[in-house]
Amino acid sequence: MSLHTLIRAISTTPFNNYDLAASTGKSESTVRRYRRILAEKALTWAQLEFLRDEELYLALNQPRRGRPLGHMPDLDAVVAELEATGMSLQTWYWRTYGASTEKVISYSHLAAKLKHRRKALKLTMRQHHTPGERVFVDFSGKRPSYVDPLTGERTYAELFVGVLGGSSLLYATAIPSQKVPDFIAAHVSMFNYFGGVPQAIVPDNLKSAVIKPGRDAVIQRSFADMAAHYDALVIPTRPRRPQDKGKVEVGVKIAQDRILAPLRGRTFPSLAELNAAIAELVDALNDRPMRLGPSRREQFETFERAALRPLPATPYVYAEWQTVETVAKDYHVPVYGHFYSVPHTMVGQRLDIRVTTDTVTFFDGRTEVARHPRNDEARKSTARLSHMPENHRLQAERSPDMIRAWAADAGPNIIRFVTEQLDQPHAVRGLKPCETLRDLAEEYGVADVDQAVGDAFQRGVVNVTSVRRALSARQEAAGTGPTTSNRSVRRSRKSDDVA
């Protein structure tokens, strides 16, 4: 996670240092240090939001001064003394080293070392969940299924379960697998069901959510992208700590008892019909009064719905992420076999690539540098004139593809003229007339040239000389003509795609 994500989370969310460390992949001490710096310098997210990565780092950090590691005491002796006297480590440390002038180990380092020597009691803490703060998600170990009516083949699905922390409102749906696209689609459906988004998502450490679990957790890139779209943090549970998601652990058991059990013995012909039945049971479960109070739905409507963040204007569109370590000298980057141009100034740099079903977007850090419609033609390329150096751009402007791209937006008669010129057996012979027509369009205007070409087709004499004469005569009859400045302006070309 970037430093921007960490600073935004510290400045705009109520989560503690441990949760932010788990969500951003930073250590607790790092989170604590940046929280202290923000407070001391009285900096707000509004002041820092638009800083580049390097500027943000320099605004919050000073050059490393370094500090030699001090004397390490006998840890076993320290543990024995603390247990015998009941003294806290902090008290022991300052009594032992408070007035010392020698180089000693820091308190935080000593506390971290002792943490691995002690055996903590496994106590159960009763947790209080703030409305609108977290949603806990998990999969059921027991799976529903549906049967193809034509082949009789039974297909098992995964039961996704999400539970809001404040009201315990439960959502469940069957999805084809636990793979990233299906996992993310389940979250999108869940947020639509809630009608809002909590501040954080708490998943288990499955690979679709967490690439690397533990203190320095690494969130799966597409899952993190989805969470960012909904302005939510991802706070994964600690490895082998099911108590961190007790809400959904209980929710999964309830879903197995109140949803999967009633479906036993019923046969569904498709996943859609299976989910229709699950949706009815979910609504009934949420509307049912709880043993110690009102129903989940009533609690949700009473105090949690208003605490949720509003849904974004558009739902999340699934995107895959790739990385190119070095942009090649031809300033084109391969994505699934197709080559896309990026600004030639990016040659030699590292770029991140966001791929959806419709677009391919390139990022330099957090800055978007190029965007193209997706094209899956292998060994083909898509380029923009604006990405090329000047000499390449001037050469590309003379290509048949670029002429066709210009004509596509010019007018029907111009399209007809360009098509006839470039579809002849020797297309190179048609380039010069097309370039001349493009010059006339810049000189007299696209609409007038398109009309003049149409008139030429009606007369049966279609060439650029007749079109130029017709345009000049029309301008003289109207008492106007192309200005000197228009004649002298250098030709500018469109930056449309060339496949």
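Biologist: Okay, buried means under 20% relative accessible area, exposed over 50%, and partly exposed in between (1.4 Å probe, protein chains only). What share of the chain's 499 residues is buried?

Modeller: Buried residues come to 42% of them. This is a predicted model, where local features need pLDDT of at least 70 and side-chain atom pairs count only at pLDDT 80 or more, while totals for chains, interfaces and linings use all residues. Residues are numbered from 1 along each chain as its sequence is written, and side-chain values use heavy atoms, leaving out hydrogens and water.

Biologist: How many residues are in the largest nonpolar core?

Modeller: That core (buried Ala, Val, Leu, Ile, Met, Phe, Trp, Tyr and Cys joined through side-chain atoms within 4.5 Å) has 34 residues. Phe-160, Ile-201 and Phe-223 have the most contacts inside it.

Biologist: Which element gives the most to this core?

Modeller: α9 does, with eight residues.

Biologist: Switching topic, how many salt bridges does the structure hold?

Modeller: There are 20, counting a side-chain nitrogen of Lys or Arg within 4 Å of a carboxyl oxygen of Asp or Glu. In one of them, Glu-301 meets Arg-305 at 2.8 Å, N to O.

Biologist: Which residues are linked in a network of salt bridges?

Modeller: Arg-221, Glu-325, Arg-350 and Asp-352. Another pair is Arg-297 with Asp-283, at 3.1 Å, N to O.

Methods
Helix = DSSP H or I, 4+ residues; strand = E, 2+ residues; numbered from the N terminus.
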